[in-house]
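Have a go at each before reading on.

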Amino acid sequence: MDAKQLKWAYLLVLSLIWGSSFILIKRGLVGLTAVQVGSFRIIFAALFLLIVGFRSLKKISRRQWKFVAITSFFGTFIPAFLFAIAETEVDSSIVAIMNSLTPLNTLILGILIFGVQFQKRQVLGVFIGLVGCLLLVLSGASSHPGQNYYYVILVVIATLSYAINVNLIKKYLSDLNSLSITTGNFAVLLIPALLILSTTDFPQRISLEVTQHSIWFVMILGVLGTGIANVLFFKLIQISSPVFATSVTYLIPIVAFFWGLLDNEMLTPIQFFGAFIILIGVYLSAKK
């Protein structure tokens with residue numbers, strides 16, 4: 001399979017994995033707090049990756065460790081907690097749609113900070129995407145008064161964090177294999193995640209059956225949706241471009257939406273329209 005075919009294969013697999021991550025977070029929140037979900041997600045991913053990728057750490061040079069550490073916080077640590085907190089107030093399908101702002105933010109930060117060249121059409125895509133985002137949020141807030149849509153701000157911050165991450169990887173870690181980057185990321189994050197978990201009431205919850213069920217969902221999320229997915233994602237960044245790699249968010253909301261339907265989540269017609277506008281904006285911003 002050549003590089004062009006391979007990048008589309010990675011894109012499809014990642015959309016299926018990450019599109020399912022939002023319902024796994026929701027299931028994890030049934031018996032765990034948002035902080036516990038974020039911590040366990042990192043811990044399970046770290047343990048898995050250190051088992052399968054420990055030897056790959058030797059390939060990381062002293063100079064590269066600095067960027068591995070920085071990308072670990074922007075690409076995993078910050079979003080893992082923000083997404084979990086956001087889903088305590090907002091439907092998982094809405095969070096997945098808002099996650100599609102990642103390519104727009106990747107383009108914006110790429111232009112402002114990393115000197116990425118752009119076209120007028122891409123700038124138009126950014127504005128269209130932001131309009132769709134505003135429509136989605138305002139409609140959701142009025143249609144679901146029981147949900148606090150201010151929490152989508154956390155999702156926007158998470159997408160900005162992802163955008164910083166992919167630009168850093170493309171610029172500073174393109175010569176390092178994806179398993180080394182991912183394993184290095186989680187080697188850095190394991191201790192902070194354990195420390196954060198230790199500050200919660202997890203010891204008092206562990207005996208509850210609902211908590212034990214939630215841990216299984218978060219284990220799947222950590223190993224598959226974080227560990228394995230990040231290896232594939234970093235490889236995708238290296239064989240394509242930051243904006244193409246983050247265009248996986250075209251497909252993530254579709255997968256997440258169908259999971260949401262199975263869990264009795266439903267978008268209003270206006271929210272569907274807002275989501276469609278966002279995807280148009282993402283398409284224009286990512287199109288070469």
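**Exercise 1.** Work out in which hand α8 passes α10, and how the two helices are oriented.

*Solution.* Start with the crossing: α8 passes α10 in a right-handed crossing. The hand is right-handed if the near helix is turned clockwise from the far one by less than a right angle, left-handed if anticlockwise. Next, the geometry of this predicted model: helix α8 (residues 178–198) and helix α10 (residues 209–239) pack at an angle of about 135 degrees, with axes 8 Å apart. Helices here are DSSP runs of H or I, at least four residues, numbered from the N terminus. Axes are lines fitted to C-alpha atoms over the stretch in contact, and angles run from 0 to 180 degrees between N-to-C directions. So α8 and α10 are oblique to each other; under 35 degrees would count as roughly parallel, over 145 as roughly antiparallel, 65 to 115 as roughly perpendicular, and the rest is oblique.

Now the residues: from α8, Ser178 and Phe186 are among those meeting α10 residues that include Thr226 and Gln238, where contact means heavy atoms within 4.5 Å. The contact divides into five nonpolar, seven polar and one charged. Nonpolar covers Ala, Val, Leu, Ile, Met, Phe, Trp, Tyr, Cys and Pro; charged covers Asp, Glu, Lys and Arg; the others, Gly among them, are polar.

**Exercise 2.** Describe how α3 packs against α7.

*Solution.* Helix α3 (residues 62–86) and helix α7 (residues 152–172) pack at about 160 degrees, axes 9 Å apart. That makes α3 roughly antiparallel to α7. The crossing of α3 past α7 is left-handed. By class, this contact has 19 nonpolar, four polar and one charged residues.

**Exercise 3.** Decide how enclosed helix α5 is.

*Solution.* Count the buried residues (under 20% relative accessible area; exposed is over 50%, partly exposed in between, with a 1.4 Å probe and protein chains only). In helix α5 (residues 102–112), eight of the 11 residues are buried, so α5 is largely enclosed by the rest of the structure. Among them are Thr102, Pro103 and Gly110.

**Exercise 4.** Place Leu261 in the fold.

*Solution.* Leu261 sits in helix α12 (residues 252–262). At 31% relative accessibility, Leu261 counts as partly exposed. Ser93 is 168 residues away from Leu261 in sequence, yet 8.8 Å away C-alpha to C-alpha.

**Notes.** Residues are numbered from 1 along each chain as its sequence is written, and side-chain values use heavy atoms, leaving out hydrogens and water. Local features need pLDDT of at least 70 and side-chain atom pairs count only at pLDDT 80 or more, while totals for chains, interfaces and linings use all residues.
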